[in-house]
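User: Walk me through this structure, please. I want each label set against its cut-off.

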Amino acid sequence: MRATSATVLYMSMSLDGFITGPNDDRGNGLGDDGHRLHDWLADGTDPVSHRPSGVSGDVFDELMATGAVVAGRRTFEIAGGWSGDHHDGVPIFVLTRRPPDRGAPDWPLVTYVTDVATAMARAKAAAGDRNVLVHGARTAQLALAAGVLDELEIHQIPVLLGQGRRLFDHLGPDHIELELARIVDAPGVTHLRYLVRR
Amino acid sequence: MSSSVLYMSMSLDGYIAGPNDEPRNPGGEGFDRLHEWIATPDGEYGRPAGPAGELFDEWNASGAVLAGRRTVEQVDHWGGDHHHGVPIFVPSHRPPGPSVANYPLVTYVTDGIASAMAQAKAAAGDLSVVVQGAYTAQRALEAGVLDELQIHQIPVLFGGGRRLFEVLPSRVELEIARVIDTPQATHIRYRVRR
């Protein structure tokens, strides 16, 4: 990958481009059948860490070795804010245009940021020489448009969900060239790593 | 037994054609970007070197072609011969255009995708059927007559154009059959589970 810290989008996506099923709303955050996209994480032997077995475990370890998290508000709320700690006490930057809800838990690791470039810059500073984990479709779209997303790790799932929320939408007409950095051909998932070319 | 295989080059964001895809501009803007991998070592269109060449051989070894009307009209039925004189079947509810009278290998099938596929498989014998076209692929998936998908996934985000997979009425489970990793494209073969 790169010598210095990189912002890396990690998302599970169906072959037809969806990251949730239809009817994804509060209480059904992944949408109908959306859990199908995360079955590869349930393949593990460790029910606490969710670390999958085999080569997917190595990809999971990379994700968990990141030094900061940038997540969209929607992703953050669906995940219950990871109870304030995504992994290992690294800082979490939540991209949002709205102030936090009244009565939202006061989690010391969590910072709300309104601008994607600022979120990425602060996360990189916090991560030091480690990578930044990026989660969320809208956040990915904004980061690509702003030129502040360095890499993509797509967990491509062998299913056509047919409907739902797409990872790549609203990107605008200009091509964004990628460079294929690595493929991990695992049972039930193809991990595709891309560098964003600039 | 014959199996039906969709062959399509697709951007990471799911597009198989760029914007303004119409007969005067087949494939739309940027279409060539999705097919750069089909090039000889000299840079001409043709059989690529290395593992991608095997894919080229596979589709040239197929025994029939089933392609959507939009696809065939954009290339005027490949001049009547897709490869090696194998028959070409076009599912369509409308009668063919005038050029088709000159193409004995081309058959328009008016009674649906399942019938078209059955005729293509019968013609192919033991060989596979190459399926082309986004609309046709979706109808074949819905009708349960598509057996495999050979996706050439291209490392680019198109941002607009024509998608391979629009909304489908229900979930379709696949099985990863083979992954071929080249710098220009990731070639993933899926089997449709039934």
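Analyst: Contact means heavy atoms within 4.5 Å. Leaving aside its neighbours within four places in sequence, B:T136 is in contact with B:L66, B:A67, B:G68, B:P91, B:I113 and B:V131. This is a predicted model: local features need pLDDT of at least 70, side-chain atom pairs count only at pLDDT 80 or more, and totals for chains, interfaces and linings use all residues. Residues are numbered from 1 along each chain as its sequence is written, chains are lettered from A and ligands numbered from 1 in the order in which they are written, and side-chain values use heavy atoms, with hydrogens and water left out.

User: Why is B:T136 called buried?

Analyst: Buried means under 20% relative accessible area (exposed is over 50%, partly exposed in between; 1.4 Å probe, protein chains only). B:T136 has 4% relative accessibility, so B:T136 counts as buried. This residue, B:T136, lies in helix α4 of chain B, residues 134-143.

User: What makes a stretch a helix or a strand?

Analyst: Both are DSSP runs, numbered from the N terminus: helices are H or I with at least four residues, strands are E with at least two. By that rule chain A has four helices and eleven strands.

User: How do you know that chain A is as compact as a globular protein of its length?

Analyst: The radius of gyration is taken over C-alpha atoms, and the globule rule is 2.2 Å times the number of residues to the power 0.38. For the 198 residues of chain A the rule gives 16 Å; the radius of gyration is 16 Å, so chain A is as compact as a globular protein of that length. Its C-alpha atoms fill a box of roughly 40 × 40 × 35 Å along the principal axes.

User: And what does chain B come to in helices and strands?

Analyst: Chain B comes to four helices and eleven strands. Its radius of gyration is 16 Å, close to the 16 Å from the globule rule for 194 residues, so chain B is as compact as a globular protein of that length. The box for the C-alpha atoms of chain B is roughly 40 × 40 × 30 Å, taken along the principal axes.

User: How much of each chain counts as buried?

Analyst: In chain A, 51% of the 198 residues count as buried. In chain B, buried residues make up 56% of 194.

User: Why is B:T186 called buried?

Analyst: B:T186 has 0% relative accessibility, so B:T186 counts as buried. Its place is strand β11 of chain B, residues 186-192. Beyond four places in sequence, the contacts of B:T186 include A:L180, A:I183, A:L192 and A:Y194 from chain A. From chain B they include B:I151, B:H152 and B:Q153.

User: What makes a set of residues a nonpolar core?

Analyst: A nonpolar core is a set of buried Ala, Val, Leu, Ile, Met, Phe, Trp, Tyr and Cys residues joined through side-chain atoms within 4.5 Å. The largest one has 72 residues. Its members that touch the most other members are A:L152, A:L167, A:F168, B:L149 and B:L164. Apart from it lies another core, of 24 residues, among them B:A52, B:V90, B:Y108 and B:F158. In soluble globular proteins, nonpolar side chains tend to be buried together.

User: Which residues does A:L167 contact?

Analyst: Leaving aside neighbours within four places in sequence, the contacts of A:L167 include A:L9, A:M11, A:M13, A:A137 and A:I154.

User: Is A:A119 buried or exposed?

Analyst: A:A119 has a relative accessible area of 0%, so A:A119 is buried. It sits in helix α3 of chain A, residues 116-127. Not counting residues up to four places away in sequence, A:A119 touches A:V70, A:F93, A:L95 and A:V113.

User: Which phi values are positive in a residue other than glycine?

Analyst: Two cases can be given. A:W82 has phi near 50 degrees and is found in the loop between α2 (73-78) and β4 (92-95) of chain A. B:H77 has phi near 55 degrees and lies in the loop between α2 (69-74) and β4 (88-91) of chain B. With a relative accessible area of 3%, B:H77 is buried.
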